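Open your viewer and get ready to select a few stretches of the chain. We will take the stops one by one.

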Amino acid sequence: MNPSSAPFSSPSGKLSGTLYVVATPIGNLADMVPRAVETLQSVALIAAEDTRHSARLLSHFSISTPCVPYHDHSDERRTDDLLQRLTGGESLALISDAGTPLVSDPGYRLVRAARQSGIPVVPIPGACALTAALSASGLASDRFSFEGFPPAKTNARRNWLDALAGDRRTLIFYEAPHRVLACLQDMEAVFGPEREAVLARELTKTFETIQGGPLAELVEFVAGDSNQQRGEIVLLVAGAPARADEGLDAEAERVMGILLEDLPVKQAAALAARITGVKKNALYQWAIDQK
Ligand code: SAM
């Protein structure tokens, strides 16, 4: 379906265009979704992180829409110009060099200002390195935290990682190739050599590599092969393991509480394990500790 270029009546009653936030491939041009191409072809203007970089993508898909540079450090006048065009009824698209705009990429200021002005903002989803890496990592994906780029200097990085050491969620980082080894070494020092991690490199490209293992092994792997210190990289680290003294989560406690009213501990633990997914032994031990 073609994106609508029909003006939208904002709460103030004025007619405005739509701001489309368009994801572009992270390496493999075949990942460009048809709706992204249609949108970029039909809008009046494309705001791009780097117009020269995007020129290659646009010409590959025969998109001749005019392009202007936009990043979050663009002066306020640039944001205002774009907002004026939107409120004047033109639809615009926002793209970054690769992947989803606003994910470690420009766009936040413009999207926020557009929404505050009552201008409709429509996402055109597509490639994103963090979700691509997570989806193939084999690490827990029910809860995760995207942490962006770690600090560049070791001291700052170690302190920063330290604050994440107890986080139970899968942690996801973007990292520059020339810092990946030092970063993994700091992760090993802070999270411990056994903590499971995954290096996802050059996703969707010729040299795509997805290597998992304990941090100690991953450090050796990257240190022993300089090719692993090239290209674009996502690092993922398993969440901190539950501490033995931590007890159960509230839901497991609630389920156990109900079952223990009518069942012996062993049966209650077995049933609660099936309901909550928590390990039977942990549930059994919790019930014993309550006595
Ligand atoms: N907005 C982009 C997205 O949606 O993923 C991310 C932009 S950020 C400036 C660039 C970083 O994303 C790279 O340094 C790398 O950490 C990660 N990245 C981008 N493309 C990648 C790829 N093909 N494979 C692995 N990581 C990638």
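The model is predicted, so to speak of local features a pLDDT of at least 70 is needed, side-chain atom pairs count only at pLDDT 80 or more, and totals for chains, interfaces and linings use all residues. Residues are numbered from 1 along each chain as its sequence is written, and side-chain values use heavy atoms, with hydrogens and water left out.

**Stop one: H7 and H8**

Select residues 180–191 for helix H7 and residues 215–223 for helix H8. Helices here are DSSP runs of H or I with at least four residues, numbered from the N terminus. The two axes come within 9 Å and cross at roughly 160°; axes are lines fitted to C-alpha atoms over the stretch in contact, with angles from 0 to 180 degrees between N-to-C directions. H7 is therefore roughly antiparallel to H8 (an angle over 145 degrees).

Now show side chains. Where do H7 and H8 meet? On H7, pick Val180, Leu181, Leu184, Gln185, Met187, Glu188 and Phe191; on H8, pick Leu215, Ala216, Leu218, Val219, Val222 and Ala223. Contact means heavy atoms within 4.5 Å.

**Stop two: H6 and H7**

Finally, select Thr154, Arg157, Arg158, Leu161 and Asp162 in H6. These meet Ala182, Cys183, Asp186, Met187, Ala189, Val190 and Phe191 in H7.

Notes:
Helices (H or I, at least four residues) and strands (E, at least two) are DSSP runs, numbered from the N terminus. Angles under 35 degrees count as roughly parallel, over 145 as roughly antiparallel, 65 to 115 as roughly perpendicular and the rest as oblique.
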